Amino acid sequence: MTAHEIAGMIFITIGILFIIIGLFGLYRYKNFYTRASVSSLIDSAGFLFISVGIVLYKGLSTFSLKMLFLILLTLLLNPLASHFTVRGAYLSGHRPRKEH
Amino acid sequence: MSYLMFTLLLLSLLCLLRVLIGPTIWDRILGFNLFSAIFILIILLYTVIEDQSYLIDVALVYSLLGFISIVFITRFLQKKGDI
């Protein structure tokens, strides 16, 4: 296990921790908006850490060049998708019940 | 490395559980969006195990299609049917 493989594994485990936190938020909260705001953690932080961990694990090569392009594209698209979801929910009149 | 893929598979099933349970349709779209994000990671981990670099294009196309489908599903629901 060389140095950059260990660093990659550490990044991947941090990414999985972020995904677990996002999933915990997905089931913890009752109304849709807090649920969506917590679970966008999976789209951005979880994805970023795991893919950077994979790039570190494989070292710099054409493989990681394609991976970096995928990371940039997905970091642009995923938050946009969750924004569209929440915007559509709000504009179509989905109001959360008042939590006591 | 393969057990990482297995844990990601379990986490994606949890997202699908939200698609099943979700009271409103917006929770279902949220669960589907998260499921596709985690599934892209599973594809990426599979490319590391099998060391085939053409699978990244599959993940790229899948993330683009997931984004386009989310945009048009939310647009369809927001306008209640008439786009």
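Does B:Ser69 count as buried, partly exposed or exposed, and what is its relative accessibility? This predicted model gives the answer in the first view.

**View 1. B:Ser69 sits in helix α3 of chain B.** At 24% relative accessibility, B:Ser69 counts as partly exposed, because buried means under 20% and exposed means over 50%. Now look along the chain to B:Phe6. B:Ser69 and B:Phe6 are 63 residues apart in sequence. Their C-alpha atoms are separated by 26 Å.

**View 2. B:Thr74 is a buried residue of chain B.** The relative accessible area of B:Thr74 is 2%. That value is under 20%, so B:Thr74 counts as buried. Where does the side chain of B:Thr74 reach? It comes to 2.7 Å from the backbone oxygen of B:Ile70. Other neighbours come from both chains. Leaving out residues up to four places away in sequence, B:Thr74 touches A:Phe84 and A:Thr85 in chain A. In chain B, it touches B:Trp26 and B:Ile29.

**View 3. Chain A is built from helices.** Chain A has three helices and zero strands. Read along the sequence, the pattern is α-α-α. How does chain A compare with a compact globule of 100 residues? Such a globule would have a radius of gyration near 13 Å, whereas chain A has 17 Å. The C-alpha atoms of chain A fill a box of roughly 55 × 25 × 10 Å along the principal axes. Of the 100 residues of chain A, 43% count as buried. Consider next the contacts in chain A between residues at least 6 apart in sequence. Among these, 66% join residues at least 24 apart.

**View 4. Chain B and chain A meet at an interface.** On one side, 42 residues of chain B take part. They are in contact with 40 residues of chain A. Together the two chains bury about 3,700 Å² between them. Carbon and sulfur atoms account for 77% of that area. The interface also holds six residue pairs in polar contact, with both residues at pLDDT 80 or more. Which elements of chain B give two or more residues to the side that touches chain A? They are α1 (2–21), α2 (25–50) and α3 (55–78). The largest share of that side comes from α2(B), with 14 residues. By type, the residues on this side of chain B divide into 29 nonpolar, eight polar and five charged.

**View 5. A:Arg35 forms a salt bridge with B:Asp27.** Side chains of opposite charge can pair when their charged atoms come close. Over all chains, the structure holds three salt bridges. The closest N and O atoms are 3.0 Å apart. Are A:Arg35 and B:Asp27 buried or exposed? Both are buried.

**View 6. B:Asp51 forms a salt bridge with A:Lys58.** The closest N and O atoms of this pair are 2.7 Å apart. Why does the pair join two chains? B:Asp51 lies in the loop between α2 and α3 of chain B, while A:Lys58 lies in helix α2 of chain A, so the bridge runs from one chain to the other. A:Lys58 has a relative accessible area of 24%. That value lies between 20% and 50%, so A:Lys58 counts as partly exposed.

**View 7. A:Lys66 forms a salt bridge with B:Asp57.** Here the closest N and O atoms are 3.6 Å apart. The pair still counts as a salt bridge because the cut-off is 4 Å. What are the relative accessible areas of the two partners? A:Lys66 has 30% and is partly exposed. B:Asp57 has 33% and is partly exposed too. Across the interface of chain B and chain A, the count of salt bridges is three.

Note on methods:
Residues are numbered from 1 along each chain as its sequence is written. Chains are lettered from A and ligands numbered from 1 in the order in which they are written. This is a predicted model: local features need pLDDT of at least 70, side-chain atom pairs count only at pLDDT 80 or more; totals for chains, interfaces and linings use all residues. Side-chain values use heavy atoms; hydrogens and water are left out. Contact means heavy atoms within 4.5 Å. Buried area is the accessible area (1.4 Å probe) that two parts lose on being put together, summed over both. A salt bridge is a side-chain nitrogen of Lys or Arg within 4 Å of a carboxyl oxygen of Asp or Glu. A polar contact is a pair of N or O atoms within 3.5 Å; within protein, one must be able to donate a hydrogen and the other to accept it, and residues adjacent in sequence count only if both atoms are side-chain atoms. Helices (H or I, at least four residues) and strands (E, at least two) are DSSP runs, numbered from the N terminus. Ala, Val, Leu, Ile, Met, Phe, Trp, Tyr, Cys and Pro count as nonpolar, Asp, Glu, Lys and Arg as charged, and the others, Gly among them, as polar. Buried means under 20% relative accessible area, exposed over 50%, partly exposed in between (1.4 Å probe, protein chains only). The radius of gyration is taken over C-alpha atoms; the globule rule is 2.2 Å times the number of residues to the power 0.38.
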